Amino acid sequence: MQETLKLVTQAFGVSGNEDEIREVISNDIKKYVDEIRVDAMGNLIAVKKGKKKKIMLAAHMDEIGIIATFIDEKGFIRFSNLGGVSPFTSLGQRVKFRNGIIGTVNAEEKLEDMKGLKLGKMYIDIGCKDREEAEKLVKVGDTASFVGDFVVQGNYAISKAMDDRSGCAVLIQLIKTLPKTDNEIYFVFTTQEELGLRGAKTAAFGIVPDCAIAIDVTLTGDTPECNNREVKLGGGPAIKVKDSSYIANPFIRRMLEELAAENSIPYTLELLDRGGSDPGAIQTTGVGVPCGGISIPCRSVHSPSEMVCLDDLENCVKLAALFIRNFKG
Ligand code: CO
Ligand code: ZN
């Protein structure tokens, strides 16, 4: 699982530009599934055939990043965000464009108060003397992801894009280890979640599942002076109760809680007042889909140094596998 996590977190795949990460995942899983396809929104859909219920498991494969909007005459790049990019966590970081070009993220020098820090007052430096030289390397409309190496320390792993490649790693582990069931399982690596849950919606519409579970990271309550939340690193999967896009389907939520309790899997409940996630899009697709969320506790979400606990990932795999085997509709 660690190897998979490294592979998928370090691949490029800013929202709307998911082809590299899709290729990486597709190559890793294709020999374990009966069918694999890509829909018009770029979602990667892998199927393990079965005769009974259609279960959709989703994790988004896009990551937050930036897009170049303007290159000035000195060769500095102005940019806009793709997904929730904070100016504070971006300052001083490096970004990597699709072609491998590295840029440093800086702010205008006349900025006196950090409160005034906005992406519009920031620029990317790729070390060029003028616009002409810069445009040979980066063009307006090109996207870049943040640079954040993969590190394992004890039971914790740190990297860029744990949101939501750690969910992708959980799905990949399920694909590789799940024994055949009577149910038909759709493993969906969705696109453009960070831009408003866009891929999940068309994927669910195309599949018309009998139920769905989305796996994504969530905020924890275990760091200094943060909001009160019971979700914590090492606390096991967080079963989603609500976020700003979703409120839990009571049947699915109860089933997940019971399966965790009966099988001694530690878990907490996730309640977020801000931020949406794929279950919100999936459950309101077509005539509606009973949908749940299993969340991976993650510190420093939407920074280049997102941290997860490896035991939590294993427990997410266990809980999702139990759900798949026990769902009867
Ligand atoms: Co996110
Ligand atoms: Zn996410």
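This note goes through the metal sites, a loop residue, some strand pairing and the aromatic pairs of the structure.

1. The model is a predicted one, in which local features need pLDDT of at least 70 and side-chain atom pairs count only at pLDDT 80 or more, while totals for chains, interfaces and linings use all residues. Residues are numbered from 1 along each chain as its sequence is written, chains are lettered from A and ligands numbered from 1 in the order in which they are written, and side-chain values use heavy atoms, with hydrogens and water left out.

2. Donors here are N, O and S atoms within 2.8 Å of the metal (3.2 Å for Na, K and Ca), and since water is not among the atoms, sites may look incomplete. Helices (H or I, at least four residues) and strands (E, at least two) are DSSP runs, numbered from the N terminus.

3. The zinc ion (ligand 2) is held at 1.9 to 2.5 Å by His60 (NE2), Asp163 (OD), Asp216 (OD) and Asp216 (OD), and Asp163 bridges this zinc ion and the cobalt ion (ligand 1), which lie 3.2 Å apart. Because His60 is in strand β3 (residues 54-60) and Asp216 in strand β13 (residues 211-218), the pair ties together parts that are 156 residues apart in sequence.

4. Asp163 and Glu194 are both buried, as are His60, with a relative accessible area of 1%, and Asp216, at 11%. Buried means under 20% relative accessible area, exposed over 50%, and partly exposed in between (1.4 Å probe, protein chains only).

5. Thr181 sits in the loop between α5 and β12 and counts as buried at 17% relative accessibility. A polar atom of its side chain lies 3.2 Å from the backbone oxygen of Asn183.

6. Strands β6 (residues 94-97) and β7 (residues 102-107) pair in the antiparallel sense over three bridges, where pairing requires that DSSP finds at least two bridges between two strands. Four bridges join β7 to β8, also antiparallel, with Tyr123 in β8 as the bridge partner of Asn106.

7. The structure holds three aromatic pairs. In one, the rings of Phe76 and Tyr123 have centres 5.1 Å apart and planes at 70°, so the pair is edge-to-face. Rings of Phe, Tyr and Trp (its six-membered ring) pair if their centres lie within 6.5 Å; planes under 30 degrees apart count as stacked, over 60 as edge-to-face and the rest as tilted. Phe76 is partly exposed, with a relative accessible area of 26%. Phe251, Phe323 and Phe327 form one aromatic cluster.

Terms used: A polar contact is a pair of N or O atoms within 3.5 Å; within protein, one must be able to donate a hydrogen and the other to accept it, and residues adjacent in sequence count only if both atoms are side-chain atoms.
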